[in-house]
There are 2 protein chains.
Amino acid sequence: MSKKLTKRAEDYSKWYNEIIVKADLAENSAVRGCMVIKPYGFTIWEKMQAALDLMFKETGHQNAYFPLFVPKSLFEAEEKNAEGFAKECAVVTHYRLKNDPNNPGKLIVDPEAKLEDELIIRPTSEAIIWNTYKGWIQSYRDLPLLINQWANVVRWEMRTRLFLRTAEFLWQEGHTAHATKDEAMTEAKQMQEIYAEFAETFMAMPVIKGAKSESERFAGALETYTIEALMQDGKALQAGTSHFLGQNFAKAFDVKYTSKEGKQEFVWATSWGVSTRLIGGLIMTHSDDFGLVLPPKLAPIQVVIVPIYKGEEQLKVIFEHADVIVKALKDKGISVNFDDRDTFRPGAKFAEYELKGIPVRIAMGNRDLQNNTVEVARRDTLEKQIISKDVVVDFVIDLLEKIQKNLFDKAINYRDQHITEVNSFDQFKDVIKNKGGFISAHWDGTKETEDRIKELTKATIRCIPENWDQQKGRCVLTGKESVARVLFAKAY
Amino acid sequence: MSKKLTKRAEDYSKWYNEIIVKADLAENSAVRGCMVIKPYGFTIWEKMQAALDLMFKETGHQNAYFPLFVPKSLFEAEEKNAEGFAKECAVVTHYRLKNDPNNPGKLIVDPEAKLEDELIIRPTSEAIIWNTYKGWIQSYRDLPLLINQWANVVRWEMRTRLFLRTAEFLWQEGHTAHATKDEAMTEAKQMQEIYAEFAETFMAMPVIKGAKSESERFAGALETYTIEALMQDGKALQAGTSHFLGQNFAKAFDVKYTSKEGKQEFVWATSWGVSTRLIGGLIMTHSDDFGLVLPPKLAPIQVVIVPIYKGEEQLKVIFEHADVIVKALKDKGISVNFDDRDTFRPGAKFAEYELKGIPVRIAMGNRDLQNNTVEVARRDTLEKQIISKDVVVDFVIDLLEKIQKNLFDKAINYRDQHITEVNSFDQFKDVIKNKGGFISAHWDGTKETEDRIKELTKATIRCIPENWDQQKGRCVLTGKESVARVLFAKAY
């Protein structure tokens, strides 16, 4: 397979797919819309999981595991939620195969093993979890209940894309139960905050926090808080959502608690999730025409050392010097790889590591050793520097921090240059067509206007941003009164 | 709910189920045969995962993720494997629900959204993975391929039991590809060894390593290596298996590589797995009539400190002293909980921690503080000791190691007392009926004899043990020649 990537400017979508396949992150599987996450891609997911899991646990959440299946009779209990997902449900109807009498060696579904109550593969687990919580919650002493699960879910999407939209994906879903509305609201916002912190600190991906408009809310939620990122092609990516579910699920599943005052009350709920879609966001935020660019905090390998040598003897000497650096870096918690494969030349290795987004590459040759130097290349800027071997460990540790920061700064610069304040619908259409990014515009608050704008421009309301200095104005489409600007964008 | 447990001697099976529910490990769900793993039980699984994952990675394996679904057309490619699992397959036949025209608010499966090639929920992933490996393996340079995945699988069992046999369970499945038969054999045995080491070192559960007889092998395997543990009721538990798959899957999915000599060769395969079933084994190996007993290395909370106090003032003083111990233990990597809940009395807390199997309990009262002592209770022996507060940290660290060792010693004693060498079939029946445990007996090597013994006694061949000093003899049932003793037992 050619290592040469399509350029972003030529075909952004093709570039994205090629990076994923060529950098060995994932590939399409034999199952329609489902992907195989390859070891290199999966390690990024493991690093994301570790960081998020710690943040969840530090805020008092515990992990548990609930069934993959939701009986149809439970699934339909919360009507809005059921309606929202009904068209994307994979359904188990039978529990046995048998030999095909007409076709030796082949199997058919055994018609006698039909389920009475069909099983939905969870597209999200509110129904099965709230049906369980009914047995766990009796008194105010049982609250709050703060639970998360790491799981696979299935949503039968018609148009799929590696990481961004797949029929099966991996995610975490938090499901919490609270005694009061305020507490549930605080939880929902706290988790949005945690997602934002994770995105910015670990992924180096700036996000805008806000609330969804009614038509963009999670099915069954009263409020959906979102973090929205901007990709390099000017399209927005919803990167994580946290929902205030009110008492909808408590009522659907009859989950009540006895208050301190001895009264029976319905419980208040939240749910929140991020998924392997984040990896898509990570790729599209930082990568370039040479391949993947990874922030050091999530890179499976942070530093690679490539020996430049002729013959075993030189390699041995280089190895001895490199090994000191490898050990010193590992002691500092840096993941580092010494690449002594003799089946590839240094040039091929350089290209491979560029494609795979290893943040720092160190080259060590015979001449370097004579000069007591090494060559250090950073992936983000592609700059190279000759560094004294004596200081290389501290230099690299410092450089990894600089790269992490530089990626964030670059991304937030791009993002901020792509928030355009717009005051007429002509300007709106012009920006969507020619510039892309977020449009900050007044909206009259109606679903009709939102739908009409989407129809005309394909832009949707990404969020009603939080903590923005807002002034009243006139809706960009209808001229009706508006209390605040909202953010529009075309989105993944 | 009453905290009082059924005694093991009264009803072992009821005792087992009660422990799981009362210690908050898991419960049955609304989905037939599927369990909910509660936070306390899930934390044990997380600790198992962390230890195993490290062992896998240290031996060069990487994690990846493959689809939940296996298209029926792929599933049937390796016939023996397909035949072995066909009767337990949950099958997705449709991908959409729609409103029930006859029943407003209800949903039905949309008959127009029927899949042409039905999707099997993976009961194991050889088929989907080997179909993928076909694209990953071209040359000897691509080998060995050492991959593991942590996943959920579904086997539609008719009789289920929490942790031991559930329709959905969590597991890891390793799938490796090798250039030679020897290498694959070595891998399969290495993983059996890792499982044995994990079981004995972390779970304090002694195991016997051996090979399965042909009829007990994994469907599609040429050899199945197993670790077999003994439960307190005299029944064996297959705790982990590692399979040498020969070239069966390579041939079914046409996976070949070009050797150094330029020849096209089929690849050699292994697969290996352990599951949440291990938690069932953990419970049944150590627990007693008072509740769960957990080895310190897998206990979610290793030490609990219970203050005995009257009034806020006393609690405050105790807290100050306890906090020093808590911090010192945490510094040593010990998980410790100071239980200052005022909604429960100390006696109730003691009972709860006994039931939940916390290895070490420290009680601190006013009088203790005056004497500069604390009371330390160990869960395994239920012994209590008064210890000077000045040495309690070192004492507890040492005690945790002692408990870990004591649990293993106790279990291996019991196990060794329950391996009975048997030389007649009358004795065989007597031991199975009245003593239980493993029976070491000669077997003529035929499936007929194996089946007949199972029919007559419900005992199966657990394994042909490795590294046992073996002598020839006569089959315990037929009197025919036998080359070695094998281990029989009734099993979970």
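**Notes on a predicted two-chain model**

1. A rotation of 180 degrees, with 0.0 Å of shift along its axis, superposes chain A on chain B at an RMSD of 0.0 Å. That is the relation of a two-fold axis. Within chain A, A:Val92 has the C-alpha nearest the axis, 2.1 Å from it. Both copies use the same surface, as 100% of the contact residues of chain A recur in chain B. Please keep in mind that this is a predicted model.

2. Helix H8 of chain A (residues 277-286) is worth a look. Here 10 of the 10 residues are buried, so the helix is largely enclosed by the rest of the structure. Among the buried residues of H8(A) are A:Arg277 and A:His286, along with A:Leu278, A:Ile279, A:Leu282 and A:Ile283.

3. A:Glu320 counts as exposed because 10 other C-beta atoms lie within 10 Å, and a residue is called exposed at 12 or fewer. The C-alpha atom of A:Glu320 is separated by 11 Å from that of A:Met364, 44 residues apart along the chain.

4. In soluble globular proteins, nonpolar side chains tend to be buried together.

5. Which residues does B:Ala199 touch, not counting residues up to four places away in sequence? They are B:Met205, B:Val207, B:Ile227, B:Ala229 and B:Ala239.

Methods:
Residues are numbered from 1 along each chain as its sequence is written. Chains are lettered from A and ligands numbered from 1 in the order in which they are written. This is a predicted model: local features need pLDDT of at least 70, side-chain atom pairs count only at pLDDT 80 or more; totals for chains, interfaces and linings use all residues. Copies are superposed by least squares on the C-alpha atoms of residues with pLDDT of at least 70 in both. Two residues are in contact if their C-beta atoms, placed from the backbone, lie within 7 Å. A residue is buried if 20 or more other C-beta atoms lie within 10 Å of its own, exposed if 12 or fewer, and partly exposed in between; C-beta atoms are placed from the backbone. Helices (H or I, at least four residues) and strands (E, at least two) are DSSP runs, numbered from the N terminus.
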